[in-house]
Amino acid sequence: MKKKLLFVMPSLAAGGGEKSLVTMLSHIDFDRYEVDLFLFNREGIFLDALPKEVRLLESQSLFDAFTLPLFHSLRTLWASGHIGLAYSRLRYTLRNKHRSGSSVTEQHSWKYMARSLDTLEQKYDVAIGFLEKSSTYFCVDKVRADKRIGWIHIDYDKLEMDPEFDKPYFGKLDHIITVSEECEDILKRRFPEYDRKISTIYNIVSPTIIHRLGEQQAGDVYGRRAGETILLTIGRLHAQKGLPLAVESCARLVANGYNIRWFIIGEGEEREVLQELIRKHGMEERFILLGLRANPYPYTRQCDIYVQPSRFEGKSIAIDEAKIMYKPIVVTNFTTAKDQIRDGSNGLIASMDPEGVATAIARLIDEPELAGRLAKTLSEEKLGTEEEIHKLYKLVGG
């Protein structure tokens, strides 16, 4: 008999965790497992990439009403007779208004949001909250399952979360999975009482698929100009990704005479802030926000240098994918950078400031033999991680 698995995510919007989930689901042996997916919001550019065998659960109408804009939500809930839930919606807004830090806000807002969510009728062999915070809380509070797994995709300490809130939830999990050894060490130091539950499963990346997708668009995606160097960064327009630092680095390079254009694939809440900073530095023609791309791989394949200027990461899928395409890579020295890049061997690790990033990029432009050596090293590495799916099988059984 097939084991019944449930995965839970906020949505399938563009993000590393979302891409990691879709890739993992595409590698699951559906002869052994039945897989359901619950999304708080049934939206995102990766929806169309879900394997047909995955059953996407229906959204819940009360939650949909709860997440409407405040006055619309209150009016809808009140009119349908859910007075207590309307009060919770108001408390939810007030709680968020007076709390700084989105991670802590999401944690402490859960008790209000949870009231709008029903416990799922189906009982599962294994429930997997594939992202930290609400996805994991849902698996503990709203799912009947023989086994529960929580997944943390990032450096926990950099999330500025309240570990005291997570402790009782982690206590009810059978396994806590993260995406790199450094992230695993951080979790074990933060939650020593749960160290035997914590282990690493790398994000699954497939060189065969990535190269095939990269070749789907044969034409020049950048409108390349003579003599210029194309830089690329992929990530949400979010403070975590360090994009203001990238704008300033770009301005330094241009001021020093480098003929570059720097493209960003991603969307998020920092768009207006970044646009203003781009205008301030006069970089409108040099630093380009492309928005989302369902298939970013032709952009990675055709860029000259891949740059990840993040403040913190777990294990960046975008970096792994740039490695698979043998690109010269510059990353900042965030905590987990050395899990993916060996400085001077298969990429460059720069100090987390505009001068450091600009200097590393300039070095790759000025020393093409160095860029070639880094790319050659990557071409000789084993970069596919498809076998990581077997670690999941071991945890869930079957």
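Helices (H or I, at least four residues) and strands (E, at least two) are DSSP runs, numbered from the N terminus. The structure is a predicted model, in which local features need pLDDT of at least 70 and side-chain atom pairs count only at pLDDT 80 or more, while totals for chains, interfaces and linings use all residues. Residues are numbered from 1 along each chain as its sequence is written, and side-chain values use heavy atoms, with hydrogens and water left out.

Ala-65 is located in helix α2 (residues 61-66). This residue counts as buried because its relative accessibility is 9%, the limits being under 20% relative accessible area for buried, over 50% for exposed and partly exposed in between (1.4 Å probe, protein chains only). Beyond its neighbours within four places in sequence, Ala-65 is in contact (heavy atoms within 4.5 Å) with Ser-73, Thr-76 and Leu-77. A distance of 30 Å separates the C-alpha atoms of Ala-65 and Gln-240, which lie 175 residues apart along the chain.

An open sheet is formed by seven strands in the order β3-β2-β1-β4-β5-β6-β7, with parallel pairing; two strands pair if DSSP finds at least two bridges between them. Ile-128 stands opposite Ile-149 in β5. Helix α8 (residues 181-190) packs on the sheet, where it touches β5, β6 (175-178) and β7, and its direction makes about 170° with that of β7. Angles run from 0 to 180 degrees between N-to-C directions, and axes are lines fitted to C-alpha atoms, for helices over the stretch in contact. Helix α16 (residues 389-396) also packs on the sheet, touching β1 (3-9), β2 (33-39), β4, β5, β6 and β7.

Helix α1 (residues 16-27) is mostly covered, with nine of its 12 residues buried. Among them are Gly-17, Glu-18 and Lys-19. The cover over the buried residues of α1 includes β1, β2, β5, α12 (297-302), α13 (317-324) and α16.

The axes of helix α4 (residues 83-97) and helix α5 (residues 102-113) come within 9 Å and cross at roughly 170°. Helix α4 is therefore roughly antiparallel to α5, a term for angles over 145 degrees. Residues of α4 in this contact include Ser-88, Arg-91 and Tyr-92, which meet residues of α5 including Thr-105 and His-108.

Key
Angles under 35 degrees count as roughly parallel, over 145 as roughly antiparallel, 65 to 115 as roughly perpendicular and the rest as oblique.
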